[in-house]
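Please look through the sequence and the model shown here before reading the notes on domains, ring contacts and charged pairs.

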Amino acid sequence: MSSSPGHHVILKLEDISKVYAGTVAVKHANFEVRKGAVNVLVGENGAGKSTLMKIIAGVERPTAGRILLDGNEVSFSSSGDAVSRGIGMVFQELNLFGNLSVAENIFATRELTNRFRKIDHKEQERRAAEFLEQLEAGIRPDMLVEDLRIGQQQLVEIAKAVSLDARILIMDEPTSALSAAEVEILFKVIADLKARGVAIVYISHRLEELIRIGDHITVLRDGRITGQEEMRQVDTQWIVRQMIGSDAKDFAKADGHRPGEEVFRAEEICLPRVTGGLAVDHVSLSLRAGEILGIYGLMGAGRSELFDCIMGRHGQASGRIFIDGKQVR
Ligand SMILES: Nc1ncnc2c1ncn2[C@@H]1O[C@H](COP(=O)(O)OP(=O)(O)O)[C@@H](O)[C@H]1O
Ligand SMILES: [Mg+2]
């Protein structure tokens with residue numbers, strides 16, 4: 001393990017294990033969180049990242065091991081307990097109330113009240129607006145959460161965590177539903193928190209993202225920590241090796257397989273958006289027998305809409321569809 005004199009260790013996990021019925025999710029983990037730094041945690045699905053973070057955030061209790069905060073042993077009986085010690089977490093799963101406003105969500109369970117002990121909506125909206133302004137994502141405090149795009153909802157979740165004024169802020173896959181522009185906004189927020197001395201724990205499996213914003217990196221594999229380094233000491237190869245236990249040279253194997261005739265083709269598929277513009281913008285694709293076609297895109301990019309169009313579920317869709325070379329639409 002490398003030591004870095006620049007960043008003071010604010011929280012330390014010692015020999016932490018977590019056993020669920022049937023699974024050991026975390027095995028003897030030692031993990032340090034440093035102040036004023038982005039502490040990256042990476043690992044494959046199921047490696048135990050969320051479990052480890054839920055232990056820090058008071059959501060789960062460790063089966064064994066110690067948690068040291070500022071050098072003192074602590075134990076959290078609830079997430080409220082961790083929040084009161086300055087530890088906040090942005091969960092992987094969105095935890096918002098769709099039928100409440102953005103401001104009501106940000107202050108949920110710690111509502112601001114006026115002198116008549118009623119919820120002070122005006123004050124909540126004023127305070128929420130301050131956090132939302134930082135995000136520059138066009139989200140107003142009085143908007144209903146269910147009317148926001150998924151990426152915007154994720155930003156609200158982040159604003160909610162930032163508003164806790166935590167000393168340690170854990171972000172579990174915060175960019176999974178964000179567009180490229182929204183990711184840039186988040187990175188600005190993170191830089192700002194870092195400058196204010198906040199310790200950030202950042203979980204993601206997008207390697208380019210981690211390398212860009214991380215100061216320290218910890219890799220989990222199958223519940224065990226397999227590597228912990230300063231980010232500037234490592235490269236992608238090192239990360240992948242710690243994650244999967246070997247080099248990634250045989251990820252893609254060519255097997256000499258030859259695809260057959262074209263069986264399906266879609267040309268220039270378009271779907272207008274109710275609010276203007278196109279949800280699906282002139283997409284064409286072709287599929288041959290014995291071939292697997294992968295479709296990649298962020299949430300909200302139009303993947304589902306494209307296939308809804310192909311399946312004939314949108315009357316307003318346009319474009320041509322061919323099966324075995326014959327046009328069917
Ligand atoms: N509440 C739970 N009950 C039982 N098993 C769980 C629970 N939460 C997670 N696990 C298991 O623990 C392991 C680690 O999960 P998790 O911490 O979510 O991994 P990651 O966040 O790295 O994808 C997985 O095998 C998962 O199925
Ligand atoms: Mg997870």
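The briefing below goes through the domains, the aromatic contacts and the salt bridges in turn.

This is a predicted model, in which local features need pLDDT of at least 70 and side-chain atom pairs count only at pLDDT 80 or more, while totals for chains, interfaces and linings use all residues. Residues are numbered from 1 along each chain as its sequence is written, chains are lettered from A and ligands numbered from 1 in the order in which they are written, and side-chain values use heavy atoms, with hydrogens and water left out.

**Domains**
- The domain assignment, which is automatic or taken from a database, divides the protein chain into domain 1 (9–244) and domain 2 (262–327).
- Taken over C-alpha atoms, the centres of domain 1 and domain 2 are 36 Å apart.

**Aromatic rings**
- The count is 1 aromatic pair, where rings of Phe, Tyr and Trp (its six-membered ring) pair if their centres lie within 6.5 Å, and planes under 30 degrees apart count as stacked, over 60 as edge-to-face and the rest as tilted.
- Phe187 and Tyr202 form an edge-to-face pair, because their ring centres lie 6.4 Å apart and their planes meet at 70°.
- This pair links distant parts of the chain, since Phe187 belongs to helix H6 (residues 180–195) and Tyr202 to strand S8 (residues 199–203), 15 residues apart; helices (H or I, at least four residues) and strands (E, at least two) are DSSP runs, numbered from the N terminus.
- Phe187 is buried at 8% relative accessibility, and Tyr202 is buried at 0%, where buried means under 20% relative accessible area, exposed over 50% and partly exposed in between (1.4 Å probe, protein chains only).
- The charged end of Arg265 sits over the ring of Phe322, 4.2 Å from its centre, a description that requires NZ of Lys or CZ of Arg within 6 Å of the ring centre and within 35 degrees of the ring normal.

**Salt bridges**
- The structure holds 21 salt bridges, each being a side-chain nitrogen of Lys or Arg within 4 Å of a carboxyl oxygen of Asp or Glu.
- Lys12 and Glu32 form one of them at 3.9 Å, N to O; Lys12 is partly exposed at 31%, whereas Glu32 is buried at 15%.
- In helix H4 (residues 121–135), Glu123 and Arg126 lie 3 residues apart, about one turn of the helix, and their closest N and O atoms are 2.8 Å apart in a salt bridge.
- Glu230 and Arg232 meet at 2.9 Å, N to O, in a salt bridge, with Glu230 buried at 11% and Arg232 exposed at 69%.
- Glu262, Arg265, Glu267 and Arg320 are linked in a network of salt bridges.
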